[in-house]
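Dear colleague,

Please find below the structure that I am handing over to you. I would be grateful if you would read the notes under it with the model open.

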Amino acid sequence: MSRDYTVVVERDADGYYIASVPQLPGCHTQARSLDELMVRAKEAIALFADDELGTPTLEFVGVQRVTVAA
């Protein structure tokens, strides 16, 4: 059985790409390239699912940008 997961990708100050999976709190990985990041994200999801998961309880809805006056 396969499941779909949302992967949020960011880049840090050192140029590493960071992947987070909102449906799986604590499931993160990083890599130097986007291709390697997706390979590692799939591995992290599979390992997380084997160790922790029955059915995800969170549904990813979206990302919003807000501006806060300093």
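The notes below set out what was found, beginning with the overall fold.

This is a predicted model, in which local features need pLDDT of at least 70, side-chain atom pairs count only at pLDDT 80 or more, and totals for chains, interfaces and linings use all residues. Residues are numbered from 1 along each chain as its sequence is written, and side-chain values use heavy atoms, with hydrogens and water left out.

Overall fold

Helices (H or I, at least four residues) and strands (E, at least two) are DSSP runs, numbered from the N terminus. Strand β1 covers residues 8-11, strand β2 residues 17-20, strand β3 residues 28-31, and helix α1 residues 34-52. Of the 70 residues, 20% count as buried. Here buried means under 20% relative accessible area, exposed means over 50%, and partly exposed lies in between (1.4 Å probe, protein chains only).

Charged and polar contacts

One salt bridge is counted, the term meaning a side-chain nitrogen of Lys or Arg within 4 Å of a carboxyl oxygen of Asp or Glu. E36 and R40 form this bridge, with their closest N and O atoms 3.1 Å apart. Both residues belong to helix α1 and are four residues apart, about one turn of the helix. E36 counts as partly exposed because its relative accessibility is 33%; R40 is likewise partly exposed, at 34%.

The side chains of S20 and H28 make a polar contact at 2.9 Å. A polar contact is a pair of N or O atoms within 3.5 Å; within protein, one must be able to donate a hydrogen and the other to accept it, and residues adjacent in sequence count only if both atoms are side-chain atoms. S20 is part of strand β2, and it counts as buried because its relative accessibility is 16%.

R32 lies over the face of Y16, 4.0 Å from the ring centre. For such a placement, NZ of Lys or CZ of Arg must be within 6 Å of the ring centre and within 35 degrees of the ring normal.

Surface patch

Which residues make the nonpolar surface patch of about 230 Å²? The patch is made by V9, L34 and M38. Patches consist of residues with over 30% relative accessible area and no salt bridge, like charges being joined within 9 Å and nonpolar side chains (Val, Leu, Ile, Met, Phe, Trp, Tyr) within 5 Å. Accessible areas come from the Shrake-Rupley method with a 1.4 Å probe, and for residues only the protein chains shown count as cover. L34 is in helix α1 and is partly exposed, because its relative accessibility is 43%.

Separations along the chain and in space

R11 is in strand β1 and is exposed, with a relative accessible area of 56%.

P25 and G26 are in the loop between β2 and β3. G26 counts as exposed at 56% relative accessibility, and P25 does so at 57%. The C-alpha atoms of G26 and F48 are 8.9 Å apart, with the two residues 22 apart in sequence. For P25 and F48, 23 residues apart along the chain, the C-alpha separation is 9.7 Å.

Yours sincerely
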